[in-house]
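Thank you all for coming.

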Amino acid sequence: MPWSISQAIAYKTIVKVTFFFFFSVAGICCQDLFGIVGENFTFPVNIEKNPDEIIWTKNKDKVAEWEGQNTTYFPSLRNRSFLNEENGCLTIFNLQNSDAGVYVLEYFSTQKESSPLTFTLTVLPPPSKPEASCNDSGDAFVLKCTADFPKPLHYTWKLNGNPPIVRHIPEVFIPKKDVGASTKAVCFIKFSQTEKSSEISLTQCFSDTQGDSHHKRSRDGLIAAFVICMAVAVIVAFLCERGMYSTS
């Protein structure tokens, strides 16, 4: 008895859900990847065994295909991509915003069954040039490097000829005893292949510290002068009342 339309739709839905569950459990479905505009981007795959055919699609449209002898590149990636037939890696040169999408790798081999590998590629603008700043924190200076970017960055600080300081957070504490006013600090930020830097002279840190000390001393001096004046005024008033002080 032939299936009704509703039964056929239900069957297709069950098959899709089953395949989705299988690929999710197998850990080969929907790997999220991020690339930077202008970079060269390579999908991280490594096919075991030599395949007989490789097909890459983007949003279900073919972008590259290898059939054992010749590689065909389709319009969206033609003249700016490379398919490695040995391991299945697809490289996109000069990544563009329009390259974002869902990519699927399918490969076929007589020696081994293959399952499609799915990747969701998000294309991001490059991080902004970082801004380096310095704050006093008791016995240390706090150097901070900030940049406008939606993903976590890799930070590296270099102070004159000292070994680099690698961090995964934008702040680093530098003991005051280890640096001088002539020390220069350079902050490097990196994501994927893109790296940018910014320099700051610790003269600024020492100037701020000395400035704060100067303001504190000035404030303390004004308070002391005010207290002395008030004390003199009280003494003069007391002597006047006792008749022991004369203005003549």
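Let me begin with burial: a residue is called buried under 20% relative accessible area, exposed over 50%, and partly exposed in between, with a 1.4 Å probe and the protein chains only. What you see is a predicted model, in which local features need pLDDT of at least 70 and side-chain atom pairs count only at pLDDT 80 or more, while totals for chains, interfaces and linings use all residues. Residues are numbered from 1 along each chain as its sequence is written, and side-chain values use heavy atoms, with hydrogens and water left out.

As for the overall picture, the protein has two helices and 16 strands, where helices (H or I, at least four residues) and strands (E, at least two) are DSSP runs numbered from the N terminus. Of its 248 residues, 30% count as buried. If contact is taken as heavy atoms within 4.5 Å, then among the contacts with a separation of 6 or more, 56% are made by residues 24 or more positions apart.

Now to the cysteines. How many disulfides does the structure hold? There are two, a disulfide being a pair of cysteine sulfur atoms within 2.5 Å. In one of them, C134 is bonded to C205, with the sulfur atoms 1.9 Å apart, and because the torsion about the S-S bond is about 135°, this disulfide is right-handed. C134 sits in strand β10 (residues 131-137) and C205 in helix α2 (residues 203-242), so the bond ties together parts that are 71 residues apart in sequence. C134 is buried, at a relative accessible area of 6%, and C205 is buried as well, at 2%.

The other disulfide joins C145 to C187, again with 1.9 Å from S to S, and with -95° about the S-S bond this link is left-handed. Here C145 belongs to strand β11 (residues 140-146) and C187 to strand β15 (residues 184-191), so this pair ties together parts that are 42 residues apart in sequence. Both C145 and C187 are buried. Counting the bonded cysteines along the chain, the pattern is 1-4, 2-3.

I would next like to turn to two single residues. Leaving aside neighbours within four places in sequence, R80 is in contact with several residues, including T91, I92, F93 and D99.

Y103, in strand β8 (residues 101-108), counts as buried at 0% relative accessibility. The side chain of Y103 reaches the backbone oxygen of D99 at 2.6 Å. Apart from residues up to four places away in sequence, Y103 touches, among others, F43, W56, I92 and F119.

That brings me to the aromatic rings. Rings of Phe, Tyr and Trp (its six-membered ring) pair if their centres lie within 6.5 Å, and planes under 30 degrees apart count as stacked, over 60 as edge-to-face and the rest as tilted. By this rule there are six aromatic pairs. The rings of F41 and F43 have centres 5.1 Å apart and planes at 90°, so this pair is edge-to-face. F41 is buried at 10%, and F43 counts as buried at 0%. F149 and F191, in turn, form a tilted pair, with 4.9 Å from centre to centre and 55° between the planes. This pair links distant parts of the chain, since F149 is in the loop between β11 and β12 (154-159) and F191 in strand β15, 42 residues apart.

Key. Polar contact = N/O pair within 3.5 Å; in protein donor to acceptor, adjacent residues only side chain to side chain.
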